[in-house]
Amino acid sequence: MLKPKIAIIGAGLSGLSCAKKLCLAGFSPTVIEKSRGIGGRLSTRRIGNQFSFDHGAQYVSSNGYDFNLYLNEAMEKGVAGEWCRMHSNANAKPKSKPKIVGLKGMSNLVTPLAENLDLHFNSAVKSINPHNNGWEVETINKLGKTTFDIVVITIPAPQARELLSTQLVISSDLNKVQFSPCLAAMIAFEDKISIETNTFMSPNSELAWCARNSSKPNQQLLPDCWIVHASAGWSEKNIDSSKDEIAKNLLKIFSNTFHIKLPKVQFLAGHKWRYAFACLPLKKDYILSSEKTLIVGGDWCLGNRAEDAYDTGLSIASFISNTF
Ligand SMILES: Cc1cc2nc3c(=O)[nH]c(=O)nc-3n(C[C@H](O)[C@H](O)[C@H](O)COP(=O)(O)OP(=O)(O)OC[C@H]3O[C@@H](n4cnc5c(N)ncnc54)[C@H](O)[C@@H]3O)c2cc1C
């Protein structure tokens with residue numbers, strides 16, 4: 001029997017885990033991604049050969065069998081490794097779960113999933129409309145309009161809502177999901193700052209997380225690079241500020257928080273994650289259209305961590321391979 005033609009929109013962890021599992025089941029999905037690389041919120045900003053910042057997800061850990069298996073595979077392939085087990089939170093258990101990071105950046109964590117995939121970058125999807133028994137997907141680049149039998153959408157729920165406003169059944173589920181933003185600063189200091197601890201969880205109400213990026217495995221030769229993530233409250237209040245203002249303000253808060261005189265700053269940039277974390281997830285594996293050929297998923301279906309993204313992708317792939 002002829003296999004259905006499948007599009008997966010989004011090359012984050014959920015889209016790629018879905019694509020990989022479908023390939024193993026004999027399907028040949030086309031992955032359409034708006035940015036110029038894989039990983040989505042598992043993201044690394046590289047500034048020449050000088051600096052590198054994981055400005056989205058900081059590390060991943062696994063509770064379930066499937067993601068654990070994948071992380072072991074990624075470590076065997078040499079693209080993932082273990083980071084420090086401890087952080088400064090006084091409530092942290094002495095031996096918490098291993099924090100797994102992508103070697104040479106978080107975006108590398110997903111590379112084993114993307115091997116041999118039909119991937120299209122710089123291809124933002126702007127509309128999805130019913131067409132005969134399938135769907136017509138329109139992108140803003142040379143892919144133009146293409147028809148598929150099945151379309152899987154793995155982007156943050158608020159962005160999916162914009163694409164699928166005419167799909168009433170799907171929209172009613174999408175409307176239940178809420179996201180909060182996270183504003184970030186990437187800072188490189190000329191000399192190592194006088195803080196021995198490498199990670200701080202919620203050091204005050206304005207900051208959610210501070211981490212010495214250069215303490216990650218394979219990053220030690222870099223200058224003292226830090227990531228500062230603002231709390232959800234501070235991020236919501238400052239979401240309309242420019243990225244430069246965000247970076248300067250977070251640097252000031254960072255300095256005040258640790259009461260230290262900072263060395264010269266070599267690099268400073270801000271980033272806005274408008275849709276960072278699902279503060280109200282759906283608690284369902286995925287959303288299905290009445291035709292069962294339009295499927296929407298993402299971390300926000302099950303929670304707000306990388307493992308949730310991985311698991312929803314696998315569930316969608318299982319549904320497709322068991323049904324078609
Ligand atoms: C600041 C921050 C810190 C985090 N820290 C952690 C952490 O420490 N540990 C952890 O487990 N998780 C963390 N997370 C959450 C984790 O990053 C996510 O759960 C996971 O990466 C989500 O994967 P996803 O594939 O569902 O979505 P995404 O990663 O958002 O992937 C969606 C993809 O779709 C693409 N896309 C969007 N719209 C379109 C369109 N119209 N057309 C084509 N492509 C499109 C995007 O470019 C993106 O590549 C963090 C997230 C943020 C933002």
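Predicted model: local features only at pLDDT ≥ 70, side-chain atom pairs only at ≥ 80, totals over all residues.
The domain assignment divides the chain into domain 1, made up of residues 1-42, 113-177 and 281-324, and domain 2, made up of residues 45-104 and 179-279. Taken over C-alpha atoms, the centres of domain 1 and domain 2 lie 28 Å apart.

The size of an interface is often given as the accessible area lost when the parts come together. For domain 1 and domain 2 the buried area is about 1600 Å², with 61% of it on carbon and sulfur atoms. On the side of domain 1, the residues that lose the most area to domain 2 are Arg41, Glu307 and Tyr310, which together account for 36% of what that side buries. In terms of contacts, 24 residues of domain 1 touch 19 residues of domain 2.

A salt bridge joins the side chains of Lys77 and Glu115, with an N to O distance of 3.3 Å.

Several helices contribute to the side of domain 1 that touches domain 2: helix 1 (13-24), helix 4 (157-163), helix 8 (299-302) and helix 9 (306-323) each supply at least two residues. Helix 9 provides the largest share of this side, with 5 residues. Sorted by class, the residues of domain 1 that touch domain 2 comprise 12 nonpolar, 4 polar and 8 charged residues.

How values were computed:
Residues numbered from 1 in each chain as written. Heavy atoms only, no water. Domains from an automatic or database assignment. Contact = heavy atoms within 4.5 Å. Buried area = accessible area lost by both parts, 1.4 Å probe. Salt bridge = Lys/Arg side-chain N within 4 Å of Asp/Glu carboxyl O. Helix = DSSP H or I, 4+ residues; strand = E, 2+ residues; numbered from the N terminus. Nonpolar A, V, L, I, M, F, W, Y, C, P; charged D, E, K, R; others polar.
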